Amino acid sequence: MQFKELQESDLCVLKHFLPLYANGDCDLSLVSLFSRGIDSHFRFCTHGNTHLIIERTIAGMDGPVFVMPIGQTQAPDTLFNELMQLALDNNHSLRFFGRVDLMETTLAKAFPDHQLLIENNPDRWDYVYACSDFIELPGAHFHGKRNFVKRFYKACPEAQFDIYTKERFEDCMLFLENWYGDREINDSLRQERAAIEKVFTHWDQLPVYGGILHEHGRILGLTYGARSAPDILAVHVEKATRDVPGAYPALSQAFAKSLPLCIEYLNREEDLGIPGLRKAKQDWHPIAQLKKGVIQVKLR
């Protein structure tokens, strides 16, 4: 197997192999793989004309970790045998990353004579919400969110949400420059900004939904996402000004209202074990968590 580093020119490869809609995992939207995989130095190879194998690194783990083979059909045993032999030849562990429930079933069949070591790390689990909750903000649970949205529109009564078009590219880049300029930049934020700019640059080539919240020409927030399943949209980016209270919940609600009716759920990604991020995600009252993690096939 010959792996090569993922480049922008490989967008056509992702489009060929990635199912139109995947299994809900936010990492497997075409938009996420294209925008984040490049700067994270993902590598890939193909198995015939049927499956795409992506190799990535995960902090704290020696050697590569494979994303479960991507294709329109179940990966054949021959493919898993090749990956096992590759791990043995290079003396590294055979690990896979993705939805634990789906991986466990598939890997148990592919490696019936090998033990599976299953990671249980909630830091990696995606938060899933009812899209209607973001639109309606119902009941006592969302009392605080409703108040913040009211405060926002009281301060910005003529604010509106519009679907993004390339004519607003420069405005969005200026907004991002100001947003990141107010923060101490680390490698994570640097990679995040590069991914966002990549998406806006290639917007017309990607299956992306998104828009801007603005008033009188001033952008107050921007957001975008992509389908990760037929009825799930993964919200990949959400940036709003902190100068106006309530801008974030107002942006979240406006984006949800703009989505097609077939989108019933929102995947708002993992919290990475960051306490403030975890609280922010829990405050939106998820209806489920999509359990993702690493499964190691014990070879010896």
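Residues are numbered from 1 along each chain as its sequence is written, and side-chain values use heavy atoms, with hydrogens and water left out. Because the model is predicted, local features need pLDDT of at least 70 and side-chain atom pairs count only at pLDDT 80 or more, whereas totals for chains, interfaces and linings use all residues.

The UniProt record, an unreviewed entry, places the feature "domain: Phosphatidylglycerol lysyltransferase C-terminal" at residues 23–288. UniProt positions are given here in the numbering used for the model, feature names are shortened, and annotations may be inferred rather than shown by experiment. The span of residues 23–288 is 37% helix and 25% strand, and its end C-alpha atoms lie 15 Å apart. Helices (H or I, at least four residues) and strands (E, at least two) are DSSP runs, numbered from the N terminus.

An open sheet is formed by 7 strands in the order 9-10-11-12-13-8-14, with mixed pairing. Two strands are taken to pair if DSSP finds at least two bridges between them. Strand 9 and strand 14 (288–290) are the edge strands, each pairing on one side only. On average, neighbouring strands of this sheet are turned by 30 degrees against each other, direction ignored; axes are lines fitted to C-alpha atoms, for helices over the stretch in contact, and angles run from 0 to 180 degrees between N-to-C directions.

Within this sheet, strand 11 (residues 218–229) and strand 12 run antiparallel and are joined by 8 bridges. A hairpin with 2 residues connects strand 11 to strand 12, and Thr-223 stands opposite Glu-238 in strand 12. Strand 12 (residues 232–240) is largely enclosed by the rest of the structure, because 9 of its 9 residues are buried. Buried means under 20% relative accessible area, exposed over 50%, and partly exposed in between (1.4 Å probe, protein chains only). Strand 12 pairs with strand 13 in the parallel sense over 3 bridges, and Ala-234 stands opposite Asn-267 in strand 13. Strand 13 (residues 265–267) is in turn joined to strand 8 (residues 126–130) by 3 bridges in an antiparallel arrangement, where Tyr-129 stands opposite Leu-266.

Further pairings involve strands 1, 2 and 3. Strand 1 (residues 4–5) pairs with strand 2 (residues 43–47) in the antiparallel sense over 2 bridges, with Glu-5 opposite Arg-43. Strand 2 also pairs with strand 3 (residues 51–56), again antiparallel, over 5 bridges. In the hairpin of strand 2 and strand 3, 3 residues lie between the strands and Gly-48 takes a positive phi near 60 degrees. The bridge partner of Cys-45 is Ile-53 in strand 3.

The search of the whole structure finds 0 disulfides, a disulfide being a pair of cysteine sulfur atoms within 2.5 Å. The sulfur of Cys-45 is too far for a bond, because the closest cysteine sulfur, in Cys-12, is 16 Å away. Cys-131 is likewise in no disulfide, with the sulfur of Cys-262 nearest at 9.9 Å. Cys-45 is buried at 5% relative accessible area, and Cys-131 is buried at 4%.

Rings of Phe, Tyr and Trp (its six-membered ring) pair if their centres lie within 6.5 Å; planes under 30 degrees apart count as stacked, over 60 as edge-to-face and the rest as tilted. Phe-80 and Phe-96 form an edge-to-face pair, 6.0 Å centre to centre with 65 degrees between the planes. This pair links Phe-80 in helix 3 (residues 77–89) to Phe-96 in strand 6 (residues 94–99), 16 residues apart. Phe-80 is buried at 2% relative accessible area and Phe-96 at 0%. The pair of Phe-161 and Phe-255 is tilted, with centres 6.2 Å apart and 40 degrees between the planes. Phe-161 lies in strand 9 (residues 160–163) and Phe-255 in helix 9 (residues 247–258), so this pair ties together parts that are 94 residues apart in sequence. Both Phe-161 and Phe-255 are buried. One aromatic cluster is formed by Phe-3, Phe-66, Phe-80, Phe-96 and Phe-111.

Charged groups also sit over aromatic rings, as judged by NZ of Lys or CZ of Arg within 6 Å of the ring centre and within 35 degrees of the ring normal. The charged end of Arg-56 sits over the ring of Phe-97, 4.9 Å from its centre. That of Arg-183 sits over the ring of Trp-179, 3.5 Å from its centre.
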